[in-house]
Amino acid sequence: MEVSIAHSAELLHRANHIILTAHIHPDGDALGSLLALNAYLSAQGKQVRMLLDDEVPRTFKFLADWEKIEKPDSSEIEADLLVVLDASDLERVGKVRNAVKAPILNLDHHISNLKFADYWYVDSQAAATGEIIFKILNAVQATVTADMATALFTAIATDCGFFRFANTSTETLRFASELVALGAKPHIISEYLDTKPLAVIAALPKVLETLEIVDCGQGRQIAALTLRQEILADLREDTEGFINYPRNIEGVEIAVMFKETDNSVRVSLRSKTVDVSKIALGFGGGGHARAAGCTVAEPLSKAKRLIMEAAKKQLAKGVSIK
Ligand code: 5GP
Ligand code: MN
Ligand code: MN
């Protein structure tokens with residue numbers, strides 16, 4: 001059933017054993033939301049555990065308490081509530097799905113949300129799940145520490161491209177301002193997020209060599225980057241931001257990044273005017289109009305062909321978002 005912010009707060013208040021989780025391949029929003037909510041609930045004296053079926057990427061290890069995030073094992077966990085953050089379908093939480101037996105509260109902002117939970121609060125106007133967490137904390141007049149403000153600022157800022165994307169609203173900026181007043185330091189957060197190991201910067205020429213541009217007529221193009229397993233080994237999954245290179249090319253409407261894994265291909269999609277969440281949904285993925293993703297269980301060449309064909313079709317339908 002659909003719930004309000006107040007009802008979400010009430011569900012959290014009523015539960016004692018709470019498991020928090022977020023999507024695999026976690027980003028700043030998934031981790032920031034997870035850590036801020038964990039800090040609040042722990043301070044309330046609740047028994048809280050954070051379970052994530054993935055590693056915490058190096059970039060986000062400046063966030064307080066990241067090392068308290070556990071990986072699910074095969075044991076079954078009973079709880080009063082499982083909170084699923086920043087995920088639009090249950091597949092996105094990986095093994096946590098079967099490891100935890102509890103009613104599910106889903107707090108999310110994806111337009112592609114499948115409303116899979118027992119209780120859901122989905123606001124596709126929110127720039128980040130972090131905004132929803134901040135609203136809940138404000139509704140219960142929680143004490144927001146500097147660490148929590150840092151986590152929430154990171155969540156919000158990373159999902160709206162540091163206030164440059166179309167999802168940046170007056171509320172996004174107001175929340176950011178309030179979080180800075182509570183102790184978040186944008187320049188320090190940016191420094192952590194932008195600092196990369198030398199190997200990642202040094203791999204850029206090889207990454208850019210893979211750039212392919214498909215002309216779809218009327219000056220509109222699709223640009224793609226392909227990261228094969230050899231390159232990914234050097235990058236150690238540190239691929240955040242690469243997709244902006246094809247996205248920022250003049251005339252490019254849709255940018256795609258393919259990441260080859262053992263038996264499937266991870267696909268990231270970005271666009272300026274075309275709803276790419278529709279492309280991702282067609283392959284069992286999801287996301288937002290301008291940023292979406294999916295996993296295609298095919299060899300690289302076939303996955304590329306399928307996605308590029310779907311992207312061309314979506315582009316041919318014309319502009320779908322302003
Ligand atoms: P990214 O390309 O950065 O991995 O993902 C872009 C957006 O699409 C994010 O909001 C992310 O949550 C969503 N997304 C990426 N991959 C998937 C997927 O496999 N399934 C779903 N439902 N959403 C995805
Ligand atoms: Mn996310
Ligand atoms: Mn998000």
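Predicted model: local features only at pLDDT ≥ 70, side-chain atom pairs only at ≥ 80, totals over all residues.
Biologist: Over residues 18-156, what share of the chain is helix and what share is strand?

Modeller: Helices here are DSSP runs of H or I with at least four residues, strands are runs of E with at least two, and both are numbered from the N terminus. Over residues 18-156 the chain is 30% helix and 19% strand. Residues are numbered from 1 along each chain as its sequence is written, and chains are lettered from A and ligands numbered from 1 in the order in which they are written.

Biologist: Which UniProt annotation covers residues 18-156?

Modeller: An unreviewed UniProt entry gives "domain: DDH" for residues 18-156. Such positions are in the numbering used here, with shortened feature names, and annotations may be inferred rather than shown by experiment. The record also places "domain: DHHA1" at residues 240-315.

Biologist: Which domains does the domain assignment give?

Modeller: Its bounds come from an automatic or database assignment. Here it gives domain 1 (5-194) and domain 2 (198-316). Their C-alpha centres lie 26 Å apart. Ten residues from each of domain 1 and domain 2 take part in the contact, where two residues touch if their C-beta atoms, placed from the backbone, lie within 7 Å. On the domain 1 side there are four nonpolar, four polar and two charged residues. In that scheme Ala, Val, Leu, Ile, Met, Phe, Trp, Tyr, Cys and Pro are nonpolar, Asp, Glu, Lys and Arg are charged, and the others, Gly among them, are polar.

Biologist: How many residues does the largest nonpolar core have?

Modeller: The general idea first: in soluble globular proteins, nonpolar side chains tend to be buried together. A nonpolar core is a set of buried Ala, Val, Leu, Ile, Met, Phe, Trp, Tyr and Cys residues joined through C-beta atoms within 7 Å. Buried means 20 or more other C-beta atoms within 10 Å of the residue's own, exposed means 12 or fewer, and partly exposed is in between, with C-beta atoms placed from the backbone. The largest core in this model has 62 residues, and I18, V83, L152 and I156 have the most contacts inside it. Helix α2 (residues 28-43) gives the most to this core, with nine residues. Apart from that core lies another, of 30 residues, including F242, I243, V256 and A291.

Biologist: What does Y40 touch, beyond its neighbours within four places in sequence?

Modeller: Y40 is in contact with L137, A142 and M148. Y40 sits in helix α2 and counts as buried, with 21 C-beta neighbours inside 10 Å. T150, in helix α5, is buried too, with 25 such neighbours. Setting aside residues up to four places away, T150 touches L63, G183, A184 and I189.

Biologist: Why is helix α4 described as largely enclosed by the rest of the structure?

Modeller: Because eight of the eleven residues of α4 (residues 129-139) are buried. Among them are E131, I132, I133 and F134. Just after α4, Q141 takes a positive phi of about 50°.

Biologist: Where does K115, with its positive phi, lie?

Modeller: As background, most residues other than glycine have a negative phi. K115 has a phi of about 50° and lies in the loop between β6 (104-108) and β7 (119-122). K115 is exposed, with 12 other C-beta atoms within 10 Å. F162 also has a positive phi, near 50°, and is found in the loop between α5 (146-159) and α6 (170-181). With 15 C-beta neighbours inside 10 Å, F162 is partly exposed.

Biologist: How many residues surround ligand 1?

Modeller: A residue is near a molecule if its C-beta atom, placed from the backbone, lies within 6 Å of it. For ligand 1 there are 16 surrounding residues, the closest being S268, G285, G286, G287 and G293. The shell divides into three nonpolar, eleven polar and two charged residues. Strand β13 gives the most, with five residues. Domain 1 and domain 2 each supply at least three residues of the shell.
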